[in-house]
Amino acid sequence: MLGIIICLGILTIIFWLCFKVTGAMFSILFWLFIKLPFAILMAFLGITFCITILLIPIGKGCFNLAWELLT
């Protein structure tokens, strides 16, 4: 009986550890494949808008949005 309880405790710890590792991997993949490309796109759009004199405030807004995505 004690062996079953110890095995269930070890199994619980392993499942908890796998849950944490899987969540961390999903978080990294979300940042790498969704947030980073969108931030790069917004930075390039900000550079494009900052070249034109009238659209500089929109360009600054794009840079701010890109920075917020990365942090």
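Helix axes are lines fitted to C-alpha atoms, for helices over the stretch in contact, and the angles between N-to-C directions run from 0 to 180 degrees. The model is predicted, with local features requiring pLDDT of at least 70 and side-chain atom pairs counted only at pLDDT 80 or more, whereas totals for chains, interfaces and linings use all residues. Residues are numbered from 1 along each chain as its sequence is written, and side-chain values use heavy atoms, with hydrogens and water left out.

**View 1. The crossing of helices α1 and α2.** Helix α1 (residues 2-51) and helix α2 (residues 56-70) have axes that come within 8 Å and cross at roughly 160°; helices here are DSSP runs of H or I with at least four residues. The two helices are therefore roughly antiparallel to each other, a term for angles over 145 degrees.

View 2. F49 lies in helix α1 and is partly exposed, with a relative accessible area of 21%, where partly exposed lies between buried (under 20%) and exposed (over 50%), as computed with a 1.4 Å probe and protein chains only. Although F49 and K60 are 11 residues apart in sequence, their C-alpha atoms are 8.3 Å apart in space.

View 3. L70 belongs to helix α2 and counts as partly exposed at 34% relative accessibility.

**View 4. L11 in helix α1.** L11 is found in helix α1, and at 38% relative accessibility L11 counts as partly exposed.

Conventions: Angles under 35 degrees count as roughly parallel, over 145 as roughly antiparallel, 65 to 115 as roughly perpendicular and the rest as oblique.
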